[in-house]
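Let's work through a few exercises together. Have a look at the structure first, then try each task before reading its solution.

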Amino acid sequence: MVAHHKPRVLIAEDDPDTLVILRINLIAAGFEPMLAGDGHTALERIASESPDAVLLDVMLPGIDGWQVLEQLHAKGDPVPVIICSGKDNILDLQRARDLGAVAYLVKPFDIDRLIEATSEVVGLRQAGPATEQGTAADADGVELA
Amino acid sequence: MRNHRQSEPDRLRRDARIAGLRDFQTPSLEAVEQRRRQLWQRTATALALIAAVVVAFAIIPSNRLADAGTGRVLFAIVGVGGGLFLWAFHKETALERLTRSLTDERVLTAALTNRLHEVSLLLDAGKQMNAHLQMDELLDTILRSACELLDATGGSVMLVEGTDLVTVCALGRDAAVGQRMRLGEGVAGYVAIRRDPVLIDGHADPDLFPGLVLREPYVDSAMSVPLVHRAELQGVLNVNAPIGRSFTEYDLRALAVFAEQAALAIANARLYEAERAHVAALLDLRKRREAG
């Protein structure tokens with residue numbers, strides 16, 4: 001029997017609709033999604049289940065996405081984090097970069113681009129040179145790494 | 001080939017069946033944990049028994065058991081032990097999948113509950129605001145509701161007057177009422193011009209907010225959101241966090257949603273005031289005409 005390991009992606013998002021949509025699409029794309037509706041749960045699941053990537057919404061109840069990212073950064077946790085935010089100002093982009101996020105997606109994002117970015121982050125697909133199609137986050141955000 | 005189209009409930013039921021939770025009707029993490037403890041207790045007991053038998057075989061002099069085929073018996077016992085461990089491991093894998101699925105379901109339920117709570121609070125606040133048409137009462141209700149919604153200790157409502165923002169209602173710093181600032185000055189002025197909510201954590205950056213005046217008492221964390229109705233800026237709503245607490249982006253979003261309703265209520269109150277003034281002017285005109 002060959003173990004089939006699907007890349008596990010933690011979705012840290014408080015909006016139930018977005019959680020369901022992302023879960024369905026990530027499953028269809030061959031990922032194994034895990035859910036967290038607040039910052040505490042996100043940190044707990046990252047520590048206990050070591051996901052391959054994290055889709056981190058900035059606006060989370062309890063401790064927000066920035067605080068989650070700060071704690072991961074402080075602990076030196078190597079899990080790649082993709083920031084999902086409704087804001088696209090340069091200060092937030094810089095903050096995400098400084099705290100070690102690998103990509104920054106601006107909401108509302110195209111689901112295909114999100115999947116593409118996630119695939120690149122978990123190393124499912126080789127990230128080729130920037131082409132006409134662009135990198136995963138060109139249209140909706142920024143590649144930070 | 002595994003059926004990838006299997007629905008979530010079906011997958012849960014299958015994992016529950018594999019894990020030995022045959023009466024699995026109501027999903028619960030507690031039931032899974034209980035089953036896990038039970039599984040490993042039984043497995044540990046069985047493995048301990050097998051180990052005891054193996055040790056017993058080792059202790060008894062080999063010449064007394066030689067004819068009984070000790071080697072074969074020991075091999076069979078160790079095989080049973082290995083099989084038992086694999087069986088437990090298989091169940092544990094199913095239990096792990098169940099735990100993850102149930103945690104996900106719990107997260108979804110909690111997210112839905114939180115959203116319902118948030119909508120309910122905003123609905124209540126909207127009802128309270130729409131119950132007032134007198135501007136003073138309305139502004140007071142807006143500020144108190146915002147502070148209640150976000151556990152804030154104080155704040156202010158500033159309305160646009162020409163090219164200025166005027167503080168018309170304040171909580172926690174009454175002296176602020178009547179103060180004016182130009183649009184574009186300070187945090188509130190920045191918010192008014194950009195029409196973008198701002199979350200301040202720690203000292204505000206004077207480079208980002210020209211004309212910023214640091215006021216006493218110092219506030220650790222604050223939020224400012226624009227009050228915009230039908231693309232028209234009505235003013236700015238500011239709230240301050242209590243000492244030791246920081247607002248988050250989540251709070252900012254809640255305040256921004258609240259501000260949409262507040263802006264509508266202010267626009268209605270202004271319309272009502274204008275209508276009343278109009279009616280008063282007409283009545284005055286009629287009185288003069290009758291008198292003249």
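**Exercise 1.** Which residue is the bridge partner of B:D201 in β5(B)?

*Solution.* Before we start, note that this is a predicted model, where local features need pLDDT of at least 70, side-chain atom pairs count only at pLDDT 80 or more, and totals for chains, interfaces and linings use all residues. Residues are numbered from 1 along each chain as its sequence is written, while chains are lettered from A and ligands numbered from 1 in the order in which they are written.

Step 1: find β5(B), which covers residues 221-229. Strands here are DSSP runs of E with at least two residues, and helices are runs of H or I with at least four, numbered from the N terminus.

Step 2: look across from B:D201, and you land on B:S221 in β5(B).

Step 3: zoom out to the strands, and β4(B) pairs with β5(B) in the antiparallel sense over 4 bridges. To count as a pair, two strands need at least two bridges found by DSSP.

**Exercise 2.** What is the strand order of the open sheet in chain B?

*Solution.* Step 1: walk across the 6 strands, and you get β3-β2-β1-β6-β5-β4 of chain B, with antiparallel pairing.

Step 1: check the edges. β3 (180-182) and β4 (198-201) of chain B each have a single partner strand, so one side of each has no neighbour in the sheet.

**Exercise 3.** How many residues of chain B are in contact with chain A?

*Solution.* Step 1: the count is 13 residues of chain B, against 15 residues of chain A.

Step 1: see where they sit. α4 (70-130) and α7 (249-291) of chain B each supply at least two of the residues on chain B's side, and α4(B) gives the most, with 9 residues.

Terms used: Contact = placed C-beta atoms within 7 Å.
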